[in-house]
Amino acid sequence: MRQKPALVLLTTLLLTLAAGIAAGNWKTLRNDQLHDPSNPSLRVLQDPEEALALLPPDTAGNMVNWVTALQRGIISPRSSLREDREHEILDDDVLMLDTMPLPYVRFPHRPHSEWMGCETCHEKLFVSVAGANAINMGKILDGQYCGVCHGAVAFPLTECNRCHNTDSSTVSGARPGGTLP
Ligand code: HEC
Ligand code: HEC
Ligand code: HEC
């Protein structure tokens with residue numbers, strides 16, 4: 001039996017949409033505009049979807065919620081290149097108040113120190129004293145401070161609300177222009 005063209009079109013559209021959602025947003029290595037599709041060695045490399053589709057989904061960056069993956073024990077990254085280093089986890093937040101009209105930034109030590117050793121950040125990227133680093137958004141966008149990783153290997157800087165995550169009206173005694181450990 002012949003189907004009505006409009007119905008066929010609609011079904012095709014819906015199937016395409018569903019496939020798009022299910023597949024995350026990963027480009028294959030052949031069409032990512034980074035790899036040379038004519039290189040025969042491409043066959044030995046794994047396409048991102050094959051590995052990343054197994055991990056908890058996210059809505060930005062490479063579409064994986066890495067902190068959830070870590071917390072569920074699905075991945076266990078090495079915290080340091082040096083095997084002999086004791087891995088310390090720090091469970092506190094630093095509240096950064098110099099955010100103009102945006103919500104404050106609550107920097108969480110726990111997920112960061114679960115990923116990497118203290119020496120990744122201290123004392124070169126950040127002096128380990130609350131408020132002692134002259135961080136601002138311009139420098140971050142320029143690849144300094146948080147921008148050394150965010151936008152490069154951790155979630156992108158377009159995700160403002162993941163860092164600007166604390167409504168200032170919920171924090172009493174906080175004074176803009178300061179930092180609280
Ligand atoms: C990776 C974390 C992160 C992301 C993502 C992020 N910010 Fe920031 N932002 C900061 C930090 C840290 C500060 C400095 C806070 C302090 O020193 O008290 C800051 C400061 C600011 C300030 C204050 C003025 C200035 O120049 O420093 C503004 C405005 C701002 N961010 C806007 C944004 C907007 C808009 C976005 C999204 C497009 C964004 N931020 C994304 C971490 C982030
Ligand atoms: C991803 C980077 C990063 C890692 C990893 C990290 N820190 Fe920090 N640390 C920061 C930032 C950012 C601040 C806030 C600096 C500011 O306010 O200017 C800070 C502040 C501190 C402070 C002063 C404020 C407070 O919380 O008392 C101490 C102490 C500290 N860190 C210790 C540690 C230790 C110990 C570890 C390892 C277990 C560690 N940090 C891992 C980025 C990091
Ligand atoms: C040395 C690398 C590095 C630096 C520097 C760094 N981060 Fe991160 N951050 C990470 C990684 C890796 C993750 C986990 C992967 C992800 O979420 O993309 C993460 C995750 C986060 C999260 C999400 C935590 C959660 O529970 O989901 C926040 C919020 C955050 N960072 C804020 C900041 C802010 C604010 C700064 C600067 C003051 C900063 N980070 C500096 C590497 C870094």
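User: How many residues surround ligand 3, and which are the closest?

Analyst: In this predicted model, ligand 3 is surrounded by 20 residues, and the closest are Trp66, Val67, Cys146, Cys149 and Ala154. A residue is counted here if its C-beta atom, placed from the backbone, lies within 6 Å of the ligand.

User: Which elements each supply at least two residues of the shell around ligand 3, and what is the division into nonpolar, polar and charged?

Analyst: Helices α3 (66-71), α4 and α6 and strand β2 (105-108) each supply at least two residues. The shell around ligand 3 holds 16 nonpolar residues, 3 polar and 1 charged. Cys counts as nonpolar under the definition applied, as do Trp, Val and Ala.

User: Which helix gives the most to the shell around ligand 2?

Analyst: That helix is α4 (residues 109-115), with 3 residues. The shell of ligand 2 has 23 residues, the closest being Leu90, Cys118, Cys121, Asn133 and Pro181. By class, the shell divides into 12 nonpolar, 9 polar and 2 charged residues.

User: How many helices and strands does the protein have, and in what pattern?

Analyst: The protein has 6 helices and 3 strands. Along the sequence they follow the pattern α-α-α-β-β-α-α-α-β.

User: In what order do the 3 strands form the sheet, and what makes β2 and β3 stand at the edges?

Analyst: The strands form an open sheet in the order β2-β1-β3, with antiparallel pairing. β2 and β3 (179-180) each have a single partner strand, so one side of each is left without a neighbour in the sheet.

User: How do you know that β1 and β3 pair?

Analyst: Two strands pair if DSSP finds at least two bridges between them. β1 and β3 have 2 bridges, in the antiparallel sense, and therefore meet that cut-off. In this pairing Met96 has Thr179 as its bridge partner in β3, and Leu95 stands opposite Leu180. β1 and β2 pair in the antiparallel sense over 4 bridges.

User: Why is Val94 called partly exposed?

Analyst: Val94 has 18 other C-beta atoms within 10 Å. A buried residue needs 20 or more and an exposed one has 12 or fewer; Val94 is therefore partly exposed. Val94 is found in strand β1 (residues 93-96), where its bridge partner in β2 is Phe107. Beyond its neighbours within four places in sequence, Val94 is in contact with Phe107, Ala130, Thr179 and Pro181.

User: Which residues make up the largest nonpolar core?

Analyst: That core has 5 residues: Met96, Tyr104, Val105, Cys146 and Cys163. Apart from residues up to four places away in sequence, Tyr104 touches Leu95, Met96, Leu97, Thr99, Thr166, Ser168 and Val171. Across the 181 residues of the protein, 5% count as buried.

User: Why does Met100 count as exposed, and what is its phi?

Analyst: Met100 has 7 other C-beta atoms within 10 Å, and a residue with 12 or fewer is exposed; Met100 is therefore exposed. Met100 lies in the loop between β1 and β2, and its phi is near 55 degrees, a positive value in a residue other than glycine. Most residues other than glycine have a negative phi.

User: Where is the place of Gln33, and is Gln33 buried or exposed?

Analyst: Gln33 is in the loop between α1 (5-22) and α2 (48-52). With 7 C-beta neighbours inside 10 Å, Gln33 counts as exposed. Its phi is also positive, near 65 degrees.

User: What is the mean pLDDT of the protein, and where is the pLDDT below 50?

Analyst: The mean pLDDT is 85, and 86% of the residues reach 70 or more. Over residues 9-23 the pLDDT is below 50, and this stretch has 1 contact in the model beyond near neighbours in sequence. Where pLDDT is low, the predicted coordinates should not be read in detail.

Definitions and conventions. Residues numbered from 1 in each chain as written. Chains lettered and ligands numbered in written order. Predicted model: local features only at pLDDT ≥ 70, side-chain atom pairs only at ≥ 80, totals over all residues. pLDDT = per-residue confidence, 0-100. Contact = placed C-beta atoms within 7 Å. Core = buried A, V, L, I, M, F, W, Y, C linked by C-beta atoms within 7 Å.
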